[in-house]
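Here is a friendly walk through one protein model. Keep the sequence and the 3D view side by side as you read, and look up each residue when it is named.

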Amino acid sequence: MQGTGINEKPPFSPDCVQTAFMFGAGGGVFGGILSLLGAGLGPGVGGSSWDRLPVGYYYKSLGRQAYRQGKTFGVWGFYFGGLLAMVEKRRGKHDYWNPFIAGGLSSVMPGGMGMGGPKKLAVRVIGGGIFIAALEKVFNWFQGIED
């Protein structure tokens, strides 16, 4: 039966836009949850301006911050998911170079390509690629997928 192995290419290729939207939605949810979890670790040590706010306003601003961070993660997830699907479709194989290329390209897209000159651009592309390839390796290790 075709497409039953873990590392086998499925018999059909999902649409790049569908993949991008799924990565964007996942990134949005992850960013919102991460923001809410980070709020518990916030500046509460030693007192802060949050201590003097009404409880309702505090939770309202937490929700706004979670929404903003969720949008940011969602946009980056959308870029990365679309680029990953396009690179994989173009290269015709599923390996660790695909997330490296897509991570490198998506690390420069939201922030602008010309900010900081060519050295910073190269560092952002290589750093983003290495970071995403390492994440892919860790996720595959947790799932028990061997190279």
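Gly129 touches Phe100, Gly103 and Gly104, when residues up to four places away in sequence are not counted; contact here means heavy atoms within 4.5 Å. This glycine has its place in helix H4. Is Gly129 buried or exposed? Gly129 counts as buried because its relative accessibility is 0%, where buried means under 20% relative accessible area, exposed means over 50%, and partly exposed lies in between (1.4 Å probe, protein chains only). Gly129 and Asn98 are 31 residues apart in sequence, and their C-alpha atoms are 9.3 Å apart in space.

Before going on, please note that this is a predicted model, in which local features need pLDDT of at least 70 and side-chain atom pairs count only at pLDDT 80 or more, while totals for chains, interfaces and linings use all residues. Residues are numbered from 1 along each chain as its sequence is written, and side-chain values use heavy atoms, with hydrogens and water left out.

## The overall picture

The protein chain has four helices and zero strands, and its pattern along the sequence reads α-α-α-α. Helices (H or I, at least four residues) and strands (E, at least two) are DSSP runs, numbered from the N terminus. Of the 147 residues in the protein chain, 24% are buried. Among contacts in the protein chain with a separation of 6 or more, 66% are between residues 24 or more positions apart. The accessible surface of the protein chain comes to about 10,300 Å², and carbon and sulfur atoms account for 69% of that surface. Accessible areas come from the Shrake-Rupley method with a 1.4 Å probe, and for residues only the protein chains shown count as cover.

## More of helix H4

Val125 also has its place in helix H4. Not counting residues up to four places away in sequence, Val125 touches Gly104, Ser107 and Val108. The C-alpha atoms of Val125 and Ser107 are separated by 6.2 Å, although the two residues are 18 residues apart along the chain. Val125 counts as partly exposed because its relative accessible area is 30%.

Further along, Asn140 is placed in helix H4 as well. Which residues does Asn140 touch, not counting those up to four places away in sequence? Asn140 touches Tyr96 and Ile145. Asn140 counts as buried, since its relative accessibility is 11%.

Helix H4 covers residues 117-143, and Phe139 lies in it. Phe139 is partly exposed, because its relative accessible area is 47%. Together with Val138, Trp141 and Phe142, Phe139 makes a nonpolar surface patch of about 510 Å². Patches are made of residues with over 30% relative accessible area and no salt bridge: like charges are joined within 9 Å, and nonpolar side chains (Val, Leu, Ile, Met, Phe, Trp, Tyr) within 5 Å.

Lys60, Arg64, Arg68 and Lys71 form a positive surface patch. Lys and Arg count as positive and Asp and Glu as negative, while His and the chain ends are not counted; the place of a charge is taken as NZ of Lys, CZ of Arg, CG of Asp or CD of Glu. Arg64 counts as partly exposed because its relative accessibility is 42%.

Phe73 is found in helix H2 too. Leaving aside neighbours within four places in sequence, Phe73 is in contact with Gly27, Gly28, Phe30, Gly31 and Leu34. Phe73 is partly exposed, since its relative accessible area is 29%.

How many salt bridges does a search of the whole structure find? The search finds one. A salt bridge is a side-chain nitrogen of Lys or Arg within 4 Å of a carboxyl oxygen of Asp or Glu. Asp95 forms a salt bridge with Arg91, and their closest N and O atoms are 2.7 Å apart. Arg91 is partly exposed because its relative accessible area is 30%. Asp95 lies in the loop between H2 and helix H3 (97-108), and Asp95 counts as partly exposed because its relative accessibility is 24%.

## C-alpha distances

| Pair | Apart along the chain | C-alpha separation |
|---|---|---|
| Val125 and Ser107 | 18 residues | 6.2 Å |
| Phe73 and Ala25 | 48 residues | 8.9 Å |
| Gly129 and Asn98 | 31 residues | 9.3 Å |
| Asp95 and Ala133 | 38 residues | 9.8 Å |
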